[in-house]
Amino acid sequence: MKAKHFLIITLALCLGLMVATVVWQRISSPSLVTHVSFQGMQQESMPPASMPEDNDSDMGRLMRMVGEDPDNIEKLAELGSALVAQGKYREAGLFLERARKLDPNDADVLYYLGYIAHQEGDTQKGAALMEESLKQQDRATVHFSLANMYRYYLKDEESAARHFSLGLKSPDCTEEQRTTIAKEMKKEQGK
């Protein structure tokens, strides 16, 4: 019993000695403790007032704009397309679906949602969304994308040929697009 009491007293004295040493070190060496006011921390973490907002990344700028006006379809679509360009399909889909709820007939939103569906492996859904996009606005690039989806993924050459042809007739078809579409059309004729 005496051994247990002696051990407990020894441990208590050691613990007390350790606490006293730490307190003495703090008092005798104030450089170990640095006082920073909250106001000082706040000013350091904030950018200087003279720093222009142009230093923000485009993505950060778009995120901020969407946060400030979450019902702005143009900004939601712009952010969604920027995320698609980075291959962030899930994130892009969230913003584009919100835009679609606000305007179910926005041709760009439907196109990008179709592209995302295709990239995520649901080419049938992607084609349906792109068809909806074309009902809203006739565009050569959408016809070309859709034709390639029909040809190479859905193995529907008739629909592919129809969209290649419609793409050539689109009012916004450029000479470069005409050349590209013509090359694709020749591929099937050469079989």
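Visitor: Hi! How many aromatic pairs does the count come to here?
Guide: Hello! The count comes to 3 aromatic pairs. Bear in mind that this is a predicted model.

Visitor: Okay, what about Tyr89 and Tyr115: how far apart are the ring centres, and what kind of pair is it?
Guide: Their ring centres are 6.2 Å apart and the planes stand at 65 degrees, so Tyr89 and Tyr115 make an edge-to-face pair.

Visitor: And which parts does that pair tie together?
Guide: Tyr89 is in helix H5 (residues 89-102) and Tyr115 is in helix H6 (residues 107-119), so the pair links parts that lie 26 residues apart in sequence.

Visitor: Is Tyr115 buried or partly exposed?
Guide: Tyr115 is partly exposed, because its relative accessibility is 26%.

Visitor: What do Tyr111 and Tyr112 form?
Guide: Tyr111 and Tyr112 form an edge-to-face aromatic pair, with 5.4 Å from centre to centre and 65 degrees between the planes. Tyr111 counts as buried because its relative accessible area is 16%, whereas Tyr112, at 25%, is partly exposed.

Visitor: Switching to helices. At what angle do H4 and H5 pack?
Guide: Helix H4 (residues 73-85) and H5 pack at about 160 degrees, and their axes are 8 Å apart. The cut-off for roughly antiparallel is over 145 degrees, so H4 is roughly antiparallel to H5.

Visitor: Left-handed or right-handed crossing?
Guide: H4 and H5 cross in a left-handed way.

Visitor: Which residues meet there?
Guide: On the H4 side they include Ile73, Leu76, Leu79, Gly80 and Leu83. Among their partners in H5 are Tyr89, Phe95, Leu96, Ala99 and Leu102. So Tyr89 shows up in this contact as well as in the pair with Tyr115.

Visitor: Now H7. What span should that helix have?
Guide: H7 covers residues 123-136, so at 1.5 Å a residue its 14 residues should span 20 Å. The end C-alpha atoms are 20 Å apart, which agrees.

Visitor: Which of its residues are buried, and what do they pack against?
Guide: Thr123, Gly126, Ala127, Leu129, Met130, Glu131, Ser133 and Leu134 are buried in H7. The buried residues of H7 pack against H5, H6, helix H8 (140-153) and helix H9 (157-169).

Visitor: Last one: where is Glu184, and is it buried or exposed?
Guide: Glu184 is in helix H10 (residues 175-189). With a relative accessibility of 10%, Glu184 counts as buried.

Visitor: What does Glu184 touch?
Guide: Leaving out residues up to four places away in sequence, Glu184 touches Phe144, Asn148, Arg151, Tyr152 and Phe164.

Definitions and conventions. Residues numbered from 1 in each chain as written. Predicted model: local features only at pLDDT ≥ 70, side-chain atom pairs only at ≥ 80, totals over all residues. Heavy atoms only, no water. Helix = DSSP H or I, 4+ residues; strand = E, 2+ residues; numbered from the N terminus. Buried < 20%, exposed > 50% of the residue type's maximum accessible area, 1.4 Å probe, protein only. Contact = heavy atoms within 4.5 Å. Phe/Tyr/Trp six-rings, centres within 6.5 Å; stacked < 30°, edge-to-face > 60°. Expected span 1.5 Å × (residues − 1). Axes fitted to C-alpha atoms, helices over the stretch in contact; angles between N-to-C directions. Parallel < 35°, antiparallel > 145°, perpendicular 65-115°, else oblique. Left-handed = near helix turned anticlockwise from the far one by under 90°.
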